2 protein chains.
Amino acid sequence: MTGKLHMTVEERLRAVGQRYTSKRRALVEALATSPNPVAVPDLLAGDRGLPQSSLYRNLSVLEQAGAVHRVVPDEGFARYELAEDLTQHHHHLVCRSCGTVQDVTVPRGLERQVERARSEVESRTGFSAVSHRLDLIGLCRSCA
Amino acid sequence: MTGKLHMTVEERLRAVGQRYTSKRRALVEALATSPNPVAVPDLLAGDRGLPQSSLYRNLSVLEQAGAVHRVVPDEGFARYELAEDLTQHHHHLVCRSCGTVQDVTVPRGLERQVERARSEVESRTGFSAVSHRLDLIGLCRSCA
DNA sequence: CTTCCTGCAAAAGTTTTGCATTAAC
DNA sequence: GTTAATGCAAAACTTTTGCAGGAAG
């Protein structure tokens with residue numbers, strides 16, 4: 001089921017000279033299981049006592065390997081999710097009040113238009129974009 | 001020149017029961033002068049010794065009053081800019097390497113389509129959006 | 001004269017690092 | 001056997017808070 005995922009992650013870690021240990025596998029599993037980006041305390045609680053230093057270090061390694069992506073909310077802990085190319089391209093609903101981040105997809109036409117705007121901006125400014133981020137900021141259902 | 005700006009900021013502060021002191025005026029002046037969001041250390045250096053506690057407090061007050069907006073990069077200090085309705089709607093080019101944030105505007109058609117997607121997402125998910133954030137992530141000209 | 005702002009210092013909260021031990025290859 | 005991962009504890013870094021004095025309305 002998640003076999004292909006683990007293989008891909010392992011490859012990416014190897015490419016950066018890192019090992020795919022059982023702790024890292026469990027971490028990827030936790031991220032793959034969650035429907036939304038997971039905050040650090042939730043990962044600490046969920047993984048039955050993986051110490052925070054290892055957690056942060058593993059998240060950092062996985063991020064450098066391009067397997068995990070970090071989402072920074074305005075307040076509090078960072079949240080982590082699998083890299084987009086391991087799941088599917090999506091965007092975020094960020095709650096101003098409680099900080100939760102919820103995944104959402106937007107119409108394909110909008111994505112296309114963002115891509116078009118990207119190349120326009122690149123040639124106009126000299127900035128070289130590798131990705132985009134389109135978030136809606138507001139209040140989640142429970143905070144509204 | 002910036003008279004209208006200061007009047008507007010003063011109104012918004014009053015509306016929250018806050019005063020528009022000379023330090024806050026200087027802060028708004030500094031933000032209005034910069035073409036890009038300014039990081040905290042730059043504000044500390046620029047304002048000839050405004051202590052960091054007052055700086056953070058004033059930024060927080062101005063943000064609550066809706067006069068200033070906080071931009072959170074992936075690493076390091078937060079950056080601040082004037083609220084969008086005091087300048088003009090724009091987006092950001094965020095450099096992955098050095099963290100700088102550069103303002104950019106995108107074609108109006110894209111903005112319209114984002115608004116359309118917003119209402120679609122709101123009715124589909126129950127999330128109530130108050131604004132959106134569309135950033136391009138990549139490498140600025142000097143880091144490329 | 002009452003309320004809010006300021007500045008200093010110290011605390012808080014999140015993330016990173018040093019080091020000895022253990023596990024992976 | 002060599003190199004890297006782990007876990008503990010302590011440090012680092014950004015931001016927030018307490019409190020005494022000063023300024024604004």
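Reply: An axis is a line fitted to C-alpha atoms, for helices over the stretch in contact, and angles run from 0 to 180 degrees between N-to-C directions. The model is predicted, so local features need pLDDT of at least 70 and side-chain atom pairs pLDDT 80 or more, while totals for chains, interfaces and linings use all residues. Residues are numbered from 1 along each chain as written, chains are lettered from A and ligands numbered from 1 in written order, and side-chain values use heavy atoms, without hydrogens or water.

Let us begin with chain B. Helix 2 of chain B and helix 4 (residues 52–64) of chain B pack at about 75 degrees, and their axes lie 11 Å apart. (Helices, H or I of at least four residues, and strands, E of at least two, are DSSP runs numbered from the N terminus.) Helix 2 and helix 4 of chain B are therefore roughly perpendicular to each other. (Under 35 degrees counts as roughly parallel, over 145 as roughly antiparallel, 65 to 115 as roughly perpendicular, and the rest as oblique.) Helix 2 of chain B brings Lys23(B), Arg24(B), Leu27(B), Val28(B) and Leu31(B) to the contact, where they meet Leu55(B), Asn58(B), Leu59(B), Val61(B) and Leu62(B) of helix 4 of chain B. (Contact means heavy atoms within 4.5 Å.) These residues divide into seven nonpolar, one polar and two charged. (Ala, Val, Leu, Ile, Met, Phe, Trp, Tyr, Cys and Pro count as nonpolar, Asp, Glu, Lys and Arg as charged, and the others, Gly among them, as polar.)

Helix 2 (residues 22–33) of chain B also packs with helix 1 (residues 3–15) of chain B, at an angle of about 130 degrees and with the axes 11 Å apart. Helix 1 and helix 2 of chain B are therefore oblique to each other. Their crossing is right-handed. (A crossing is left-handed if the near helix is turned anticlockwise from the far one by less than a right angle, and right-handed if clockwise.) The contact joins Leu5(B), His6(B), Val9(B), Glu10(B) and Leu13(B) of helix 1 of chain B to Arg24(B), Arg25(B), Val28(B), Glu29(B) and Ala32(B) of helix 2 of chain B. Its residues comprise five nonpolar, one polar and four charged.

We turn next to the packing between chains. Chain A has five helices and six strands, and its elements follow the order α-α-β-α-α-β-β-β-β-α-β from the N terminus. Helix 5 of chain A packs with helix 5 of chain B at an angle of about 155 degrees, the axes being 10 Å apart. That makes helix 5 of chain A roughly antiparallel to helix 5 of chain B. The two helices cross in a left-handed sense. Gly109(A), Leu110(A), Gln113(A), Val114(A) and Ala117(A) make the contact with Gly109(B), Leu110(B), Gln113(B), Val114(B) and Ala117(B).

Space remains within the structure, which holds two cavities of 30 Å³ or more. (On a 1 Å grid over the protein atoms alone, a cavity is a set of points where a 1.4 Å probe fits but cannot get out, and lining residues have an atom within 4 Å of a point; volume is the space filled by probe spheres set on the points.) The largest cavity contains about 70 Å³. Its lining includes Val114(A), Ala117(A), His91(B) and Leu110(B). Helix 5 (108–125) of chain A, with strand 4 (91–95) and strand 6 (128–139) of chain B, are the elements giving two or more residues to this lining. Helix 5 of chain A supplies the largest share, four residues. By class, the lining has eight nonpolar, two polar and two charged residues.

The second largest cavity contains about 50 Å³. Among its lining residues are His91(A), Leu110(A), Val114(B) and Ala117(B). Strand 4 and strand 6 of chain A and helix 5 of chain B each supply at least two lining residues.

Key:
1 Å grid on protein atoms, 1.4 Å probe; cavity = no way out; pocket = protein on both sides within 12 Å on 5 of 7 lines; lining within 4 Å.
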